[in-house]
Amino acid sequence: MSKIQIGILAVQGDVTENFLATMASMSELGIDGTVVQVKTIEQISELDGLIIPGGESTVIGQMSLVNGGLKKIKEKIESGMPVFGICAGMIFLSKNSKDKVVGKVEQPLLDVLDVKIERNSFGRQKDSFEANISMEPIGISSFNGVFIRAPSVSETGSDVEILAKFNEKIVAVKQGNIFATAFHPELTRDISLHKSFVKLVDNLN
Amino acid sequence: MIPLSGDIPDSKGAICGKIDSNSVVRGTSTLKRGFAHMLKNGVVMDVTNVEQAQIAEEAGAVSVMVLDKLPSDVRKAGGVARTASIRIIEEIMDNVTIPVMAKCRIGHMYEANVLDETNVDMIDESEVLTPADEYHHIWKWDFTTPFVNGARSLGEALRRVEEGAAMIRTKGEPGTGNVAEAIYHIKKVNEELRTIKSMYDSDDKQELVKMAREFKVSYDLVEETAKIGRLPVVNFAAGGIATPADAAYLMSLGCDGIFVGSGIFKAEDAQERARAVVLATTFWEEPDKVKEAQKMIDERQSLLGLDVKNLDLKMQERGSTV
């Protein structure tokens, strides 16, 4: 089995936090692999898995468009590379997004995850919250969900599995090898979600 | 990794609440500092109206900061600079999807309360406005909304963190278009961080205690900072940034992101320049991309700029020294 390589898209947002959570997951699982911060097409081409971190989806999208990263990421995901999108990353993966207050905004999206997103779904920063989340379908019964100006999924396509809901809103989904959460596991000490992702990448390799 | 802990016991800003029947907690250090983490590697742009805010959003700004006047106009106008009109802040909040910040005067609890009630995403307790209290900064732990504060040295930064700031910006001299002070202050903070890190690494507790006395903050905070060798919260550069190369240079000095004030909307090529500064901040490690960004702007259209030595008003020095 070859050494796996997982990338953290390092355009904007909390890259380091995901980098460290992924490193910790690999070492805890005893998996031989590397974690790299990626930005360019060449770096993205090398990957076995990609994490798109939290940040501002408009910025991550626009800047990924500039250097051709967006097209390369889309190509890799369509050919089966596992990807994990967090908050802004979830929005970036989606096919359609709309802001709760402002409405439809033109922003570059990867259009690989068959969901519609409501941005800033729980309100502004003052409404940001921590709450307990359950993700039974992947065997995580309790997880501290950190929601920061978080989006939610307002509609799902037929291939999309719902992993978690909070207050009737969909906050975690899976479609094939695509994982997405509206909350930030990288801001907690709990690496169970990152571990599931690393395992998925490792199993496919 | 930047620790997200560091709350004080019973901070009034952290509140238990409910969304329908589900229990939630708001205003924790994780949420306040975490918000700043989401801005990393981004550019926050000063704006005074909806039109500028939309230009900033389209250019790729990670957030906008609402002021009544841009810093260079504050400098020209003189008089007392106060928080921006609430109606304008709300109008901007209704028209952009990115986070909206606003400034309040140093020490002005009730301007901060008003901004907190307005639901801005972050409050900047800023020396660009006229200080309302020369002896105290705001006790920021009492707020659910996160705060950012300016600092010229490690001691100043840690004093603000101890008062509850969720983010720091190393100060430059606002409204000058002159990046020299911003460069000086981040280098100074970096040097001080290296000093305390080496004390920690050589287990010299006595020297760390002396640093805590000098900084006028608790020993625990100095030790935590020394251990990680960086500020315990996200740190952006601010003040005097006018070009893509300015922004890229500050990123290379270890800043987590950039605040641009007058540099963009006081230039004659604001739209192009906004985009160019974002590109240079994102791709600061790639010299060819920074050059492309720099090529997008015209130096003849830059904010003219001021020599910091001849200023009547040094905004960076305003506010309490403890």
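Predicted model: local features only at pLDDT ≥ 70, side-chain atom pairs only at ≥ 80, totals over all residues.

Reader: Okay, how many helices and strands does chain A have?

Author: Chain A has 6 helices and 13 strands. Its radius of gyration is 15 Å, close to the 17 Å that the globule rule gives for 205 residues, so chain A is as compact as a globular protein of that length.

Reader: And what does the C-alpha trace of chain A span along its principal axes?

Author: About 45 × 40 × 30 Å.

Reader: How much of chain A is buried?

Author: Buried residues account for 63% of the 205 in chain A. The chain exposes about 7400 Å², and 46% of that comes from carbon and sulfur atoms.

Reader: What about contacts in chain A, what share joins residues at least 24 apart?

Author: If you take contacts between residues at least 6 apart in sequence, 69% of them join residues at least 24 apart.

Reader: Switching to chain B. Is helix α6 largely enclosed or open?

Author: Largely enclosed by the rest of the structure, because 8 of the 9 residues of α6(B), which covers residues 154-162, are buried. Among them are L154(B), L158(B) and V161(B), but also E156(B), R159(B) and R160(B).

Reader: You mentioned α7 and α8. At what angle do their axes cross in chain B?

Author: Roughly 150°, and the axes come within 9 Å. Helix α7(B) is residues 180-201 and α8(B) is residues 205-215.

Reader: Which residues meet there?

Author: From α7(B) you get E192(B), I196(B), M199(B) and Y200(B), and from α8(B) E207(B), L208(B), M211(B) and F215(B). That contact divides into 6 nonpolar residues, no polar and 2 charged.

Reader: Last topic, cysteines. How many disulfides over all chains?

Author: The count is 0, going by sulfur atoms within 2.5 Å.

Reader: Then is C87(A) buried or exposed?

Author: Buried: its relative accessible area is 5%, and the cut-off for buried is under 20%. C255(B) counts as buried too, with a relative accessible area of 5%.

Terms used: Residues numbered from 1 in each chain as written. Chains lettered and ligands numbered in written order. Heavy atoms only, no water. Axes fitted to C-alpha atoms, helices over the stretch in contact; angles between N-to-C directions. Helix = DSSP H or I, 4+ residues; strand = E, 2+ residues; numbered from the N terminus. Contact = heavy atoms within 4.5 Å. Nonpolar A, V, L, I, M, F, W, Y, C, P; charged D, E, K, R; others polar. Buried < 20%, exposed > 50% of the residue type's maximum accessible area, 1.4 Å probe, protein only. Rg over C-alpha atoms; globule rule 2.2 N^0.38 Å. Areas by Shrake-Rupley, 256 points an atom, 1.4 Å probe, with all protein chains shown as cover.
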